[in-house]
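Please consider the structure shown below.

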Amino acid sequence: MLIYIVRRIVVSLPILLTVLTLVFLLVRLAPGDPAVAALGDYASQEAVERMRERMGLNAPLWLQYVRFLGQLVRGDLGHSLINNVPVSQQIKRVLPYTLELTAAGILVGLLFGIPLGIATALRRNTLIDYLGRIFGLTGLSVPAFYLGILLMLLFSVQLNWFPVVGGGDLTDLGDNLRHLCLPALSLGLIMTAYVARMTRSALLAVLNEDYIRTARSKGLPERLVLLRHALRTALIPVVSVVGVYSIVLIGSSVMTEVVFSRPGLGKLMVGAMKQRDYTTLQSIMVIYASFVVIINLLTDLAYGIIDPRIRYQ
């Protein structure tokens, strides 16, 4: 297992470097001049040139790239062009809100999606199956931010059960969970639809395999056949869906944070785009890109845990 983990990490490093390179190029190809954004549209040309020199934008592109990688290795994300505050401090302040929202959305999707997929597979072409498939199609069709607005209108405005906006106090568990509930549901319920549909399809395919019929013919209890033999094999495509949708969920969290006015990387990124704060925008994109690579790595490792044969191929 250790060799498998090391191999997956080694494979992930070139992917991470490629993604960081794309982030570096995209930010520099974006319209607008960072020096003008820092000084304002009415700054003189001389002042703009001095600012470009101070920001290192007059250096050759390859030298800017080397400096960019060097800063990342040292953990230096630069300073905001708007308030000159270190970007790392801003990210450190809002990152816990984004991480907890993403983790809670994934948890909701797994807790509801896998049991729903099992139930619809075991009761194929019954009322439970039909209702589950309708829920799945609905979840695939509704954007996360729109579902968030509907949940806010029902549970916050009409029933007054949860706060309307904000992220809560991280030091107060109760207050934090009350602010987290609706945003996590808006992301998690849509993920539930994806997980439930994939679990149903994978489980239906596995239940027709010869080794399942053999296990039943030996007199094993149906619960043991389902959990130990069928479900473990069916989880491999489910893990793939969870890994892919977790990346989508990170992107969806941007709009969810805006809708619920939650502090987080998404809201910080939108503010940086509006203010043309290129340094902050680049740093946030680096964090998001790192999340994508890490999730892909964890998905590969989960394959090896579920199916040991993958480690030795």
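In this predicted model, helix 5 passes helix 8 in a right-handed crossing. The axes of helix 5 and helix 8 come within 4 Å and cross at roughly 35°. Sorted by class, the residues in the contact of helix 5 with helix 8 comprise 22 nonpolar, nine polar and two charged.

These helices belong to a protein that has 12 helices and zero strands. Read along the sequence, the pattern is accordingly α-α-α-α-α-α-α-α-α-α-α-α. The C-alpha trace spans about 85 × 55 × 35 Å along its principal axes. Of the 313 residues in the protein, 42% are buried. Among the contacts with a separation of 6 or more, 73% are between residues 24 or more positions apart.

Helix 8, which covers residues 173–207, also meets helix 6, which covers residues 127–141; their axes come within 8 Å and cross at roughly 130°. At that angle, helix 6 is oblique to helix 8. The crossing of helix 6 and helix 8 is left-handed. On the side of helix 6, the residues in contact are Asp 129, Arg 133, Phe 135, Gly 136, Leu 137, Gly 139 and Leu 140. Helix 8 contributes Leu 189, Ile 190, Thr 192, Ala 193, Tyr 194, Arg 197 and Arg 200 to this contact. By class, the contact of helix 6 with helix 8 has seven nonpolar, three polar and four charged residues.

Helix 5 has a further partner in helix 11. The axes of helix 5 and helix 11 come within 8 Å and cross at roughly 135°. Since angles over 145 degrees would be needed for a roughly antiparallel pair, helix 5 counts as oblique to helix 11. In this contact, Gln 90, Ile 91, Val 94, Leu 95 and Thr 98 of helix 5 meet Leu 265, Gly 266 and Leu 268 of helix 11. The contact of helix 5 with helix 11 has five nonpolar, three polar and no charged residues.

One residue of this contact may be followed in detail. Thr 98 is found in helix 5, which runs over residues 87–122. Is Thr 98 buried or exposed? Thr 98 has a relative accessible area of 1% and is therefore buried. Leaving aside neighbours within four places in sequence, Thr 98 is in contact with Glu 257, Gly 264, Leu 265 and Gly 266.

Attention now turns to helix 11 itself. In this helix, which covers residues 265–275, Leu 265, Gly 266, Leu 268, Met 269 and Ala 272 are buried. These residues lie on the same side of helix 11, because they cover an arc of only 160° around the axis. An α-helix has 3.6 residues a turn, so residues three or four places apart point the same way.

Ser 261 is found in the loop between helix 10, residues 222–259, and helix 11. Phi of Ser 261 is near 50°, a positive value in a residue other than glycine. With a relative accessibility of 30%, Ser 261 counts as partly exposed. Just after helix 11, Arg 276 takes a positive phi of about 55°.

Ile 82 lies in the loop between helix 4, residues 61–74, and helix 5. Ile 82 and Ala 272 are 190 residues apart in sequence, and their C-alpha atoms are 8.9 Å apart in space. Leaving aside neighbours within four places in sequence, Ile 82 is in contact with Gln 275 and Asp 277. Ile 82 counts as partly exposed because its relative accessibility is 41%.

Because its relative accessibility is 3%, Ser 283 counts as buried. Which residues does Ser 283 contact, leaving aside its neighbours within four places in sequence? They are Leu 77, Val 87 and Ile 91. Ile 91 is also among the residues of helix 5 that meet helix 11.

Key. Residues are numbered from 1 along each chain as its sequence is written. This is a predicted model: local features need pLDDT of at least 70, side-chain atom pairs count only at pLDDT 80 or more; totals for chains, interfaces and linings use all residues. Side-chain values use heavy atoms; hydrogens and water are left out. Axes are lines fitted to C-alpha atoms, for helices over the stretch in contact, and angles run from 0 to 180 degrees between N-to-C directions. Helices (H or I, at least four residues) and strands (E, at least two) are DSSP runs, numbered from the N terminus. Angles under 35 degrees count as roughly parallel, over 145 as roughly antiparallel, 65 to 115 as roughly perpendicular and the rest as oblique. A crossing is left-handed if the near helix is turned anticlockwise from the far one by less than a right angle, and right-handed if clockwise. Contact means heavy atoms within 4.5 Å. Ala, Val, Leu, Ile, Met, Phe, Trp, Tyr, Cys and Pro count as nonpolar, Asp, Glu, Lys and Arg as charged, and the others, Gly among them, as polar. Buried means under 20% relative accessible area, exposed over 50%, partly exposed in between (1.4 Å probe, protein chains only). The arc is that of the directions from the helix axis to the C-beta atoms.
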